[in-house]
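User: I have a model open here and would like to talk it through with you. Could you take my questions as they come?

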There are 2 protein chains.
Amino acid sequence: MRNRDDQKEQAIREKVIELTAQEGFDGLSMHKLARAAGVSPATIYIYFKDREDMLLQVFTEVSDQMYKATIESFDPDMPFAEGLRVQWINRAHYFINHPMEMQFLEQMRHSPLNEKAMAQNASMFKESMQKFVHQAIDRKELIQLPFEVYWSIAFAPMYQLVKYHAQGNSSASERFELTENILEQALRLVIKALTP
Amino acid sequence: MRNRDDQKEQAIREKVIELTAQEGFDGLSMHKLARAAGVSPATIYIYFKDREDMLLQVFTEVSDQMYKATIESFDPDMPFAEGLRVQWINRAHYFINHPMEMQFLEQMRHSPLNEKAMAQNASMFKESMQKFVHQAIDRKELIQLPFEVYWSIAFAPMYQLVKYHAQGNSSASERFELTENILEQALRLVIKALTP
DNA sequence: TTTTTTAATGAACGAACATTCATTTATATT
DNA sequence: AATATAAATGAATGTTCGTTCATTAAAAAA
C-alpha cells in the first residue's frame with residue numbers, strides 16, 4: 001500500500017485558486033493546472049472525480065476557511081453592533097489578505113456552478129447568522145427587516161470596497177486604497193442604517 | 001456589393017448574452033454560439049475580430065444600455081435623495097427585467113477580462129456620477145466620503161438584493177422575492193446611512 | 001524479504017476548441 | 001444585364017481540451 005501525498009493535493013488546490021484568479025475559468029485547463037502543480041494530469045483524477053468536482057471541492061474548502069476567519073472572536077450573544085463589527089472586520093481582513101481566494105470565490109458565485117455549490121454548502125453558517133439577526137431584532141438592537149435585506153446592506157458594501165481596493169492594486173492611475181479608517185467609516189454608516 | 005445584415009449581428013450579440021448567462025464563459029464556444037444564432041462560425045468573424053473582441057463589444061453595448069436606463073428621468077441638479085432614488089430604482093428595475101444581461105455583466109466584472117473592459121468603458125458615466133456626488137456633498141445633502149465608499153453603500157446592496165431575487169427564481173425552496181416594498185425599504189436605509 | 005496495494009505517471013484518446021480559407025451567394029453599382 | 005464587391009458559408013486547419021489507461025514506483029503489510 002502507498003499513502004496519498006497530502007502535499008500534492010494541496011499543491012493542486014492552491015494552483016486551482018491561483019490560475020482561476022489569474023485567467024478565469026476558461027483559462028483553467030487540467031493540463032496547465034497539472035504543470036503548475038508539478039504533477040501529471042492523471043494524478044488530479046486520483047484526488048478529484050472530474051474538473052467540476054475539483055472546483056466544487058476547492059470552493060467548499062475556501063468558503064469554510066473564510067467562514068472560520070469571519071467568526072474568529074465572534075460570540076452570537078454579543079450586542080448586535082459589536083457582533084456585526086467583529087464579523088465585518090474579520091471578513092474584510094480575510095479578503096484583503098487573500099485576494100486570490102476572494103477572486104476565486106466571486107468568480108464561482110457568479111458562474112453557473114454557483115447553484116450546485118450552494119446546494120452542498122454553508123447551511124450551518126447561514127443558520128447561525130439568521131439566529132444572530134433574529135435575536136438582534138427581538139432585542140430591538142436591529143430594525144425589523146428580512147434576512148436578505150440585512151445581509152445586502154451589511155456586507156455587500158464591504159465586498160465592493162475590497163473589490164475597488166483589489167482593482168486599484170493592478171491599475172496604476174487613481175488608485176483606491178482601502179485603509180482601516182475608510183473601513184471604519186463604512187462600517188459606522190452600515191450600523192447607522194441598520195440600528196433603530 | 002452586399003450589405004451587412006444587422007439582424008445577424010444582433011442575433012449573435014443576443015446569443016452571447018444568453019449562452020454566457022446560462023453556461024458561463026467556458027460554456028460559450030464559437031461553434032455553439034454560431035449554431036444558436038443561426039449562422040456559420042466564420043460569419044462571427046465578419047462582425048468581430050475574435051472571441052475576446054466580441055465579448056468586450058457586447059459588454060460595452062450592454063453597459064451602455066444599462067447606464068441609459070439608469071439615468072432615465074434623472075437630472076444632476078435634483079436634490080440628492082431624489083436623484084439617488086431615481087437612479088437606484090431605475091437600475092434595479094433594469095436588472096430585474098434583464099436578468100441575463102445582469103448575469104452577463106456580473107460575470108464579466110468578475111473575470112480577468114474586466115480590466116480590459118474598464119480601460120475602454122464608461123468614463124463619461126462615472127465622471128457625471130462623481131460630479132453629482134461632490135455637488136451633493138457641497139450642499140450638505142450627503143455626508144463627506146470618498147466616491148468609492150458612496151458607491152459601495154449606495155448601490156452594492158441593491159445588486160445583492162437583485163442577485164438573491166434571481167437565485168430565488170431558480171431554486172424552489174425558501175424563495176426570496178424582491179417586491180417594490182422591499183426595494184423601497186432598502187433604499188430608505190441606504191439614504192438614512194448617507195444623509196447627515 | 002516478499003507480497004500486496006494503491007499512488008503516480010506519460011502517452012494516448014476522441015472530442016471540441018478558435019480561427020482560417022476557398023468557394024458561393026447576394027446585391028449595389030455600372 | 002453585366003460587373004464588382006463584400007457578405008456568408010461549410011469544411012478544414014492545427015491545437016488544446018478533459019479524461020483514461022497500461023505501466024511503473026513506492027511503501028505498508030505479510
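User: Which polar side-chain atom lies 2.9 Å from a base nitrogen of DNA strand D?
Analyst: That atom belongs to S40(B), whose side chain lies 2.9 Å from a base nitrogen of DNA strand D; a polar contact here is a pair of N or O atoms within 3.5 Å, and within protein one must be able to donate a hydrogen and the other to accept it, while residues adjacent in sequence count only if both atoms are side-chain atoms. Please keep in mind that this is a predicted model, in which local features need pLDDT of at least 70 and side-chain atom pairs count only at pLDDT 80 or more, whereas totals for chains, interfaces and linings use all residues. Side-chain values use heavy atoms, with hydrogens and water left out, residues are numbered from 1 along each chain as its sequence is written, and chains are lettered from A and ligands numbered from 1 in the order in which they are written.

User: Which element gives the largest share of it?
Analyst: The largest share, 4 residues, comes from α3(B), and at least two residues each are supplied by α2 (30-37) and α3 (41-47) of chain A and by α3 (41-47) of chain B. Helices are DSSP runs of H or I with at least four residues, strands are runs of E with at least two, and both are numbered from the N terminus.

User: What does UniProt say about chain A there?
Analyst: The unreviewed UniProt entry lists residues 29-48 of chain A as "DNA-binding region", though such annotations may be inferred rather than shown by experiment. In the model, that span is 75% helix and 0% strand, with its end C-alpha atoms 14 Å apart.

User: Switching to aromatics, how many pairs over all chains?
Analyst: The search of the whole structure finds 22 aromatic pairs, pairing meaning that ring centres of Phe, Tyr or Trp (its six-membered ring) lie within 6.5 Å, with planes under 30 degrees apart called stacked, over 60 edge-to-face and the rest tilted. One of them, Y164(A) with F176(A), is edge-to-face at 6.0 Å centre to centre and 70° between the planes.

User: Why would that pair tie together parts 12 residues apart in sequence?
Analyst: Because Y164(A) lies in helix α9 (residues 147-170) and F176(A) in the loop between α9 and α10 (180-194) of chain A, the pair ties together parts that are 12 residues apart in sequence.

User: Are those two buried or exposed?
Analyst: Y164(A) counts as buried at 15% relative accessibility, and F176(A) counts as buried at 7%; buried means under 20% relative accessible area, exposed over 50% and partly exposed in between, using a 1.4 Å probe and protein chains only.
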